[in-house]
Amino acid sequence: MAADRRPRRSIPGEGFRARKQFGQNFLRDENIIADIVAAIAPDDQEVTVEIGPGMGALTRPVCRRLSHLHAVEIDRDLAQRLREDPVLGKCLTIHEADALSFDFSSLKQEGKALKIFGNLPYNISTPLLFHLLSYGPLISSMTFMLQKEVVDRLTASPGCKDYGRLSVMAQYRCRMYPLLAVPPEAFQPAPKVWSAVVRMEPWQEKPRTVADESLLEAVTAAAFSQRRKTIANSLGDYLEAGDFADLGLDRRLRAEDLTVNQFADIADLVAARRSR
Ligand code: SAM
């Protein structure tokens, strides 16, 4: 990840109190904003969608490079401000909605993929990522600001302490690029922890597909729910004694030792047994 730089501040909208329940930490560092916009690479070839535009810190520079932008915002007051903005109003379609239940496929246009970005509300980032991953085939890229800890988990490799269920399920569906670490003072109000920007590109052709993705999720969740235990213990509900040799796996391994492909092998073995 690139090193952070000294913050250059802009003042967020006057007279608005950030709402904690909506995870509102507004970006105010123009250098970081410019870096994120460069990473998003806005382009009219795609349908571009922002999650949580807030007061428009990213929305404004992105709109300068696009003829149209969709934005999903839950906060009624912020949605209203953006709608009434004399410049943004022309470029933006605001969907006043909860991104967790928003149907992103409704924005799809013939011949255009979705390009999604946002400085995401941290309190819902993991369920929101799982919701978005279900639209993977429609999406060309997702560029998100998240808690750095979440980006570390998304991009972790086997053997790392951050490697877990989120790493396996995200890497199964997307190629991951950690881009930029962002200090708390880049936001108003400042969060307690560092943030980071990640670019996620859903595989158009996955390097490995499984017969049943819900089984991959279930097996991965079971293995990491007892991550200090061997897989012989944690996957006792799924694997029989003879399976380890068939899979070429040492039964003393732990969840954090297994690659995404090895989790996929386990899920496929279980799927094959259940379909017999
Ligand atoms: N993009 C702005 C920026 O960078 O300054 C604001 C980012 S702030 C971290 C998160 C934004 O997401 C807020 O505008 C908040 O109201 C919005 N938000 C929170 N929960 C949401 C949800 N479930 N669906 C849609 N928007 C949400």
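How much area do domain 1 and domain 2 bury between them? About 1100 Å², with 64% of it on carbon and sulfur atoms. Buried area here is the accessible area, taken with a 1.4 Å probe, that two parts lose on being put together, summed over both. On the domain 1 side, Tyr163, Arg165 and Tyr172 lose the most area to domain 2, together 43% of what that side buries.

Okay, quick background before I go on. This is a predicted model, where local features need pLDDT of at least 70 and side-chain atom pairs count only at pLDDT 80 or more, while totals for chains, interfaces and linings use all residues. Residues are numbered from 1 along each chain as its sequence is written, and side-chain values use heavy atoms, with hydrogens and water left out.

So, the two domains. Domain 1 covers 20-202 and domain 2 covers 213-274, with bounds that come from an automatic or database domain assignment. Their C-alpha centres lie 32 Å apart. Where they meet, 13 residues of domain 1 are in contact with 14 residues of domain 2, contact meaning heavy atoms within 4.5 Å.

What holds charge against charge there? The rule finds two salt bridges across this interface; it asks for a side-chain nitrogen of Lys or Arg within 4 Å of a carboxyl oxygen of Asp or Glu. Look at arginine 173 and glutamate 217: they form a salt bridge, with the closest N and O atoms 3.6 Å apart. Helices here are DSSP runs of H or I with at least four residues, strands are runs of E with at least two, and both are numbered from the N terminus.

Now zoom out. The whole count comes to 19 salt bridges. One of them pairs glutamate 149 with arginine 153, closest N and O atoms 3.0 Å apart. Both sit in helix α6 (148-155), four residues apart, about one turn of the helix.

Next, aromatics: there are four pairs. Rings of Phe, Tyr and Trp (its six-membered ring) pair if their centres lie within 6.5 Å; planes under 30 degrees apart are stacked, over 60 edge-to-face, the rest tilted. Phenylalanine 104 and tyrosine 135 have ring centres 5.8 Å apart and planes at 70 degrees, so that pair is edge-to-face. This pair links distant parts of the chain, 31 residues apart.

Most residues other than glycine have a negative phi, and most peptide bonds are trans. Alanine 41, in the loop between α1 (30-40) and β2 (47-51), has a positive phi of about 50 degrees. And a cis peptide bond joins glutamine 188 and proline 189, with omega about -5 degrees. Proline 189 lies in the loop between β8 (187-188) and β9 (195-202).
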